[in-house]
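Thanks for coming. Please look at the display first.

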Amino acid sequence: MLDFAIYENAKTMFGESNLGLGPSVILSLAKSIPPGSCVYHDRYFTTVPLIEEMEKLNLHSTGTIMQNRIPDRATIKFKKDSAMRRGECQQFVCEPTVLVKWKDNKSVLLHQTVPG
């Protein structure tokens, strides 16, 4: 562990908040991480603007993401969960990012930047 912050209440400040609370927490904690590092986070924190901002900071980012946080979700045609077998996955690449849907008992969406 390199850094941590305790969330006390809605007035806890994490720096820039124009991307929302979750992404601002990640960006605040990422200040102590050397460029080129990989950061992993869960769906509460992951948004496409966060992934793009991390890329600008030369930080690779991987996180589970909720489908409603994907702006181009209407153009990305993932199979329905019922049509996928357990262990099956699909991916869409738009460098430098990759979006992956993986089916376990339920489906999981991952969004990440690809190291160049």
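Strand S2, residues 60–64, is mostly covered, with four of its five residues buried. Buried means under 20% relative accessible area, exposed over 50%, and partly exposed in between, with a 1.4 Å probe and protein chains only. Helices (H or I, at least four residues) and strands (E, at least two) are DSSP runs, numbered from the N terminus.

This is a predicted model: local features need pLDDT of at least 70, side-chain atom pairs count only at pLDDT 80 or more, and totals for chains, interfaces and linings use all residues. Residues are numbered from 1 along each chain as its sequence is written, and side-chain values use heavy atoms, leaving out hydrogens and water.

S2 pairs with strand S1, residues 38–41, in the parallel sense over four bridges; two strands pair if DSSP finds at least two bridges between them. Val39 has Ser61 in S2 as its bridge partner. S2 also pairs with strand S5, residues 107–113, this time in the antiparallel sense over three bridges. There, Thr62 stands opposite Gln112 of S5.

Now the whole chain. The chain has two helices and five strands, in the order α-β-α-β-β-β-β from the N terminus. Of its 116 residues, 34% are buried.

Last, the cysteines. How many disulfides are there by the distance rule? The count is zero, a disulfide being a pair of cysteine sulfur atoms within 2.5 Å. Cys89 is partly exposed, at 47% relative accessible area, and Cys94 is exposed, at 56%.
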